[in-house]
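These notebook entries record what I looked up in one structure.

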Amino acid sequence: MRYVLYDKTTGAIVHTHQSFTLDKEQPQEVTEEDARAILSRFGDADRLGITRTAMPVVSSREATMSVDLSTGEVVKHPLVTDALGRQLAELHRRTLEEK
């Protein structure tokens with residue numbers, strides 16, 4: 001699980017956070033207190049919200065990500081618009097699903 005700090009007025013992602021322990025490969029849950037401590041490190045923390053997502057990190061060459069302010073969910077906005085780019089993106093998606 002990844003924690004996402006975002007601007008509550010625009011949905012722009014400001015920071016993402018994951019916690020791991022040395023003996024585990026999967027991210028660990030962060031306590032609400034820890035999440036608020038991370039939030040407090042940013043100026044004007046009242047403008048920021050926190051949400052969680054299991055969506056994998058995406059290369060900035062493929063897409064941008066933001067938070068939908070009506071649902072609080074992370075959404076991906078693909079940058080690829082031409083036919084060849086869409087075919088390559090679909091092939092990449094299938095390859096990831098097969099793993």
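**Entry 1: burial and overall fold.** I noted that 22% of the 99 residues in the protein chain are buried; buried means under 20% relative accessible area, exposed over 50%, and partly exposed in between, with a 1.4 Å probe and protein chains only. The model is predicted, so local features need pLDDT of at least 70 and side-chain atom pairs count only at pLDDT 80 or more, while totals for chains, interfaces and linings use all residues. Residues are numbered from 1 along each chain as its sequence is written, and side-chain values use heavy atoms, with hydrogens and water left out.

I then listed 2 helices and 5 strands in the protein chain. Helices (H or I, at least four residues) and strands (E, at least two) are DSSP runs, numbered from the N terminus. Their order from the N terminus is β-β-α-β-β-β-α.

**Entry 2: salt bridges.** I counted 4 salt bridges, each being a side-chain nitrogen of Lys or Arg within 4 Å of a carboxyl oxygen of Asp or Glu. Arg47 and Asp7 form one with an N to O distance of 2.7 Å. Arg47 lies in the loop between α1 (32-40) and β3 (48-53) and Asp7 in strand β1, so this pair ties together parts 40 residues apart in sequence. Asp7 is buried at 12% relative accessible area, whereas Arg47 is partly exposed at 39%.

Glu90 pairs with Arg93 at 2.3 Å between the closest N and O atoms, and with Arg94 at 3.2 Å, N to O. Arg93 and Glu90 are 3 residues apart in helix α2, which means that about one helical turn separates them. Glu90 and Arg94 are 4 residues apart, also about one turn of the helix.

**Entry 3: nonpolar surface.** Which residues make the nonpolar surface patch of about 310 Å²? I recorded Leu84, Leu88 and Leu91. Patches are made of residues with over 30% relative accessible area and no salt bridge; like charges are joined within 9 Å, and nonpolar side chains (Val, Leu, Ile, Met, Phe, Trp, Tyr) within 5 Å. Accessible areas come from the Shrake-Rupley method with a 1.4 Å probe, and for residues only the protein chains shown count as cover. Leu84 is found in helix α2 and counts as exposed because its relative accessibility is 53%.
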